[in-house]
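Good morning, colleagues. Please take a moment to look at the chain on the screen before I go through it.

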Amino acid sequence: MPESVYDVVIIGAGPAGIQAAIHASRKKTRVLMLGRIENSALYGAHIENYAFIPGVSDGCDILRTGLEQAKSFGTEISHEDVLKISAQKDGFDLTLETGKSVSTRALIFAMGVAKKKLNVPGEKDFSGRGVSYCVDCDANFYRGATVAVTGDRSAAVDGALTLLDYASKVYLIANKLEVSQELEHKLRASEVEFITNSIQEIQGENAVGSVLLDNGETIETEGVFIELGSKGALELATQVDVQLDMESFKYIATNNKQETNITGIYAAGDIVGPPYQMAKAVGEGCVAGMEAATFARAFKRKLEKA
Ligand SMILES: Cc1cc2nc3c(=O)[nH]c(=O)nc-3n(C[C@H](O)[C@H](O)[C@H](O)COP(=O)(O)OP(=O)(O)OC[C@H]3O[C@@H](n4cnc5c(N)ncnc54)[C@H](O)[C@@H]3O)c2cc1C
């Protein structure tokens, strides 16, 4: 038997989840937001392309501010992960990592995407200090610098080509390439230096200074972009038969009200697909929060009349 009943539960405490929480809470609904800001993609990021916030801001400060705003509008917050979801007659039951269970009329998925890690020494130490997982987000910080991209798929090749517009020297490091002939041709014809090898270690003092390759060679670089594709946090969604996009099967499919194919379930932010940007996550979170709250209130009225 669930211990608490909510109108709206939001899974994810990143920009999409926080904005959804703010809008849903202001519609006089009981809202719970689950997840940790430390696990948001924004946490280690530096933002300079979000309207109204000039200069470069720390993602963790933005998240902390948002969390306090959501709390001030009445959002209940639990820094727990959700392990299981099941559909019920009047909504959904969620099992949390502590074993606690909660139930809700409406659910918002805002779990972001888990970026694949390279898992080499130095990667964690230099995350946000030369190690990046997002060319579109961070290319501008590497104007005139030497950078290395690693990955064998289109995300890496496309990322390396994009970086040519910013950096003075771009390496692409991979043992092989698994991309279309057209893209490989474009790469070979470009100024990107392709190195057939893999990164064994990312080195530096206060920030990235070089990478050590498997063949013992050292390449000096100020940035390492890890572009290994992304795996969406989709396991939970598929437990309740939420449909994925028909093209890549990596994201949750929604309409322009952020509704999924399952009545009462909404999705917002990176989990519904690129571009991975705070502005998009916030916009979709706003729509999902308002729609989910409206749905939950109508549902409650219907139950009261019955
Ligand atoms: C290095 C870097 C630099 C970036 N730079 C920029 C930039 O300059 N400009 C820009 O606009 N964007 C930038 N981004 C992208 C931006 O951070 C993301 O687009 C944004 O954070 C997506 O928000 P989200 O809410 O969808 O997901 P996230 O912020 O990733 O949040 C996901 C949330 O879901 C939670 N979660 C996941 N699974 C569960 C579960 N099972 N149970 C409970 N909670 C769960 C996590 O704990 C987390 O709180 C950058 C990203 C990175 C990594």
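Predicted model: local features only at pLDDT ≥ 70, side-chain atom pairs only at ≥ 80, totals over all residues.

Strands here are DSSP runs of type E of at least two residues, helices are runs of H or I of at least four residues, and both are numbered from the N terminus. Residues are numbered from 1 along each chain as its sequence is written.

The strand β15 covers residues 208-213 and pairs with β14 in the antiparallel sense over 5 bridges; pairing requires that DSSP find at least two bridges between two strands. Together with β16 they form an open sheet of 3 strands, in the order β14-β15-β16 and with antiparallel pairing. Because β14 (199-204) and β16 (218-220) each have a single partner strand, they stand at the edges, and one side of each is left without a neighbour in the sheet.

I turn to the domains. The assignment, which is automatic or taken from a database, gives domain 1 (4-115 + 230-305) and domain 2 (131-226). Their centres, taken over C-alpha atoms, are separated by 33 Å. Each domain brings 4 residues to the contact between them, where contact means that C-beta atoms, placed from the backbone, lie within 7 Å.

A residue is near a molecule if its C-beta atom, placed from the backbone, lies within 6 Å of it. Of the 40 residues around the ligand, G14, G35, G112, C137 and G269 come nearest. The shell comprises 24 nonpolar, 12 polar and 4 charged residues; Ala, Val, Leu, Ile, Met, Phe, Trp, Tyr, Cys and Pro count as nonpolar, Asp, Glu, Lys and Arg as charged, and the others, Gly among them, as polar.

The helices α1 (15-25), α3 (135-138) and α7 (278-305) each supply at least two residues of that shell. Two of these helices, α1 and α7, also pack at an angle of about 35°, with their axes 7 Å apart. Axes are lines fitted to C-alpha atoms over the stretch in contact, and angles run from 0 to 180 degrees between N-to-C directions. By class, the contact of α1 with α7 has 15 nonpolar, 5 polar and 1 charged residues.

Note on methods
Contact = placed C-beta atoms within 7 Å.
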